[in-house]
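The entries follow the order in which I went through the questions.

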Amino acid sequence: MTLAEILASLFPVGHAVAVADGLITGRGPLENRDLAVVGVDGDTPLGIEGALALSAAVLATVRAGGATPVLVLVDSDSQRMSRRDELLGLNECLAHLAKALLLADAQGHPTIGLIYGHSAAGAFIATALATRVLVALPGANPSVMDLPSVARVTKLPLEKLEAMAKSTPVFAPGLDNMVQAGAVQVVLDPAKPLGPQIAALIGEPPSHDARDALGKDRGGRPVAHDIAARVVDAARA
Amino acid sequence: MSLSWYEASARQRVAALVDAESFEEFVGPEQRAMSPHLPLFDLPRAFDDGIVVGRGRLDGRTVYLAAQEGRFMGGAFGEVHGAKLVGLLRAAVTETPEAVLILFDTGGVRLQEANAGETAIAETMRAIADLRRAGIPVVGLVGGRAGCFGGGGLIAGTCSRLAVSEGGRISVSGPEVIETNKGAEEFDSKDRALVWRTMGGKHRRLAGGADRFCDDTVEAFRAAALDLIGRAPAFDLATLEAEQARLEDRIARFGDCRDATEIWARLGVNDPAGVPALSAADFDGLVAGLEGTTHDAR
Amino acid sequence: METMTFRHTTKGPLAGTKPQAITGVVASGNLEVLLERVLPPDQCTIEIATPVVGYGDVWEAVAADFVARAQPGGLRIAINDGGARPDTVSLRLLQGARLMETGR
C-alpha cells in the first residue's frame, strides 16, 4: 500500500497528516480519539534534521498530555550516511527520537509502528523498533543490510548467502524473517480497513517487551529469550 | 602500572574496574552459551559470545556490568550476545543495583545474526529507558578498539551518562561504511586523524555528546564511572525537551561546518588544531572553560 | 569447522584449587582456552574447535607436548580457535595452566 492509501484506509473521514522532505507528521481521528502520526516516507534516509523533526512532534504529543496514541509509519532508507551527520552527532539524534517514543509510551501514549515499505539499520531502530507494538503491511521490506552488502562484508559468495537465507531467518533480510525474529508482531490485512486493526492494537498493548518470546515461538530467534531469562535467574540467585 | 583500556580484554577491564575480587559473572563461559548460528558460516564461536555480564562492587556499592569484547567478531551484537545484555538490564530493573555500567566495544550488529542483533538493540534501548525511569543510572564507557558503532552508537545515546577516551569513537555509520556507500571524497576511512576528530572522544566531549573525557587507563574510567553515577539526569519530558533544544541548537550553530576543528573554534577553542595533542588534564581544563559542554540534557 | 578431542593420563593433579579459568580471545590468529577442574586427578581432556581444517596431527602434537610439560591432571580444557599458530596455542595453554595453579 502507498502512504496515501494507508492514510485513506486509516482515516476515512479525513486527516491532517502531511509529508515534507520524506517526513510524515500530523494527526487524524481514530474511533472517537485523536491519533498522532509521525514517520518517514519514500525510502528516505533518516539524518539529524529528520530525526529531530520527528522527535519534536512526539514530544509535543507528550507535552499536550492525555493519552493520544502515536502511530509511526515507516518506509525509510537506512540512516543518512554522511560525514556531516556523524560530525553533528547522528547517534544522539537517532537515540533521542527513540527515547522520545519510549517516553511517550511510558507516559500513557501507546506507540504503534507500521512498516509499509523499506527500513534498515539505524533508521529502523530509531523509528519502528522503538515502538511498543510493531506491525507491517504485506510487501514491507525491513532489513539490517541487503544481501549483496552482507556478501561484501562477510566475504561469502552471494549465491551461498541466498541459499542460506532460505533456511536461516536469523540473518536474511525481509519481512518474514523480521516476523520470525519477533520484531514484527503481526502483518495487517490490507483488504480490511486499517483503522479498526490499529485501534485493536492500541487497546491491547503487551505489558512487557515480549519480542524475544515471540522470536522463540516463531523460530527466528531460537535462544535469545532463554538466555535473557538465565541471566535474570542468575542475578536473582 | 596502569592498564590500558584500549589494549585490555573485556574480562581484564571488568576485573580491574570493580573492587578487587568483587566480580560475579552471570552465565559465564563454563555454561557455553555460544552462538547457534556462527557454525553455519564456518566461523569460530566464543564461550561467552563476546560479552561478559555480571555484578560487582564499585567503592563498595553494587553495580551491574556488561563488557563487550571488541576482538571477537568486532564486539558485534549476535543473538546470545544481545540477549545477555538484555537479561542483565531486565534483572537490574527488579534487583535495583546502584547503577549499570556498559563497557562498549562494538561495531554494531553481527551480520551473520543480523535480525537477532538488531532486535536485541531495540530491546536494550527499551530496557535502558525502563531502568532510567526507575531511577537507576546507566553509564556507558567507551574506549575499546572496536569503538561504538551502528546500533551501539544508538544505545550509547540512550545511556544516562557517557565517558569516553581518545580512542573511543562513537558514531552510527562507521568510516568504512560511509566510504563504501558514498565514496572516499565523502569520507576517507584511511585518514585516521579525520576519523578521530569526527567521531573520537575529544570531539564527542566538546560537542556535548559525552560527559567525561578519560585517559586510556582503567583507573580513569573507574573514576569517571564513580563521578557519573552520582549525577545521572532523570528520564522525563523535561530532560528530553532539553535534549531536543540542545541538539537543535547544535545543528543551528555548527550545521555548516565541514570539519570538527571549525566547530571547536566556534565553541571558543583558541587553538583547534592543537586539541588532538592535548593531554587529558589539559583537555579537561579546556572543556571547563567552555559553555554548554556539561549539561543534563541527555 | 573441525572438532577433535584428545584424552590424556597424567602423573597426578595440577596444583592449585581454582575451579576454572579462561584466557585468550577468539580472534584472527588467536584463541581462547577454557579450563575446568572437573575430571579425576590423573585425567585431562583437550577439546578443540577450529575453522582451519586438516591440522589434526599438529593439534595432537601440541596437546601432547603441553600435557607432558604441565601435567594438567583433573582439567577439562576446551579451545575455541581463531586460526592460531601452534606456538600461540602452546603459550595460551601454559598461561591457562598457570592461571589454574596460581590464580594469576
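This is a predicted model: local features need pLDDT of at least 70, side-chain atom pairs count only at pLDDT 80 or more; totals for chains, interfaces and linings use all residues.

**Entry 1: chain A against chain B**

I began with the area buried between chain A and chain B, which comes to about 6700 Å², with carbon and sulfur atoms giving 64% of it; buried area here is the accessible area (1.4 Å probe) that two parts lose on being put together, summed over both. For bookkeeping, residues are numbered from 1 along each chain as its sequence is written, chains are lettered from A and ligands numbered from 1 in the order in which they are written, and side-chain values use heavy atoms, with hydrogens and water left out.

Counting contacts (heavy atoms within 4.5 Å), I find 76 residues of chain A touching 84 residues of chain B. I then listed ten salt bridges between chain A and chain B, a salt bridge being a side-chain nitrogen of Lys or Arg within 4 Å of a carboxyl oxygen of Asp or Glu. One that I looked up joins Glu92(A) to Arg246(B), at 2.9 Å from N to O. Helix H4 of chain A (residues 90-106) supplies the largest share of the side of chain A that touches chain B, namely 13 residues; helices (H or I, at least four residues) and strands (E, at least two) are DSSP runs, numbered from the N terminus. Sorted by class, that side of chain A has 47 nonpolar, twelve polar and 17 charged residues, where Ala, Val, Leu, Ile, Met, Phe, Trp, Tyr, Cys and Pro count as nonpolar, Asp, Glu, Lys and Arg as charged, and the others, Gly among them, as polar.

**Entry 2: chain C against chain B**

I turned next to chain C, where 16 residues are in contact with 15 residues of chain B, and the area buried between these two chains is about 1300 Å², 61% of it from carbon and sulfur atoms. The rule finds one salt bridge across this interface, and I traced a salt bridge between Arg32(B) and Glu36(C), whose closest N and O atoms are 2.8 Å apart. Strands S2 (20-24), S3 (31-37) and S5 (75-81) of chain C each supply at least two residues of the side that touches chain B, and S5(C) gives the most, with five residues. By class, I have nine nonpolar, three polar and four charged residues on that side of chain C.

**Entry 3: a helix pair in chain A**

I looked up helix H1 (residues 3-10) and helix H9 (residues 194-203) of chain A, whose axes come within 6 Å and cross at roughly 75°; axes are lines fitted to C-alpha atoms, for helices over the stretch in contact, and angles run from 0 to 180 degrees between N-to-C directions. That makes H1(A) roughly perpendicular to H9(A), since angles under 35 degrees count as roughly parallel, over 145 as roughly antiparallel, 65 to 115 as roughly perpendicular and the rest as oblique. In this contact, Ile6(A), Ser9(A) and Leu10(A) of H1(A) meet Leu194(A), Gly195(A) and Ile198(A) of H9(A).
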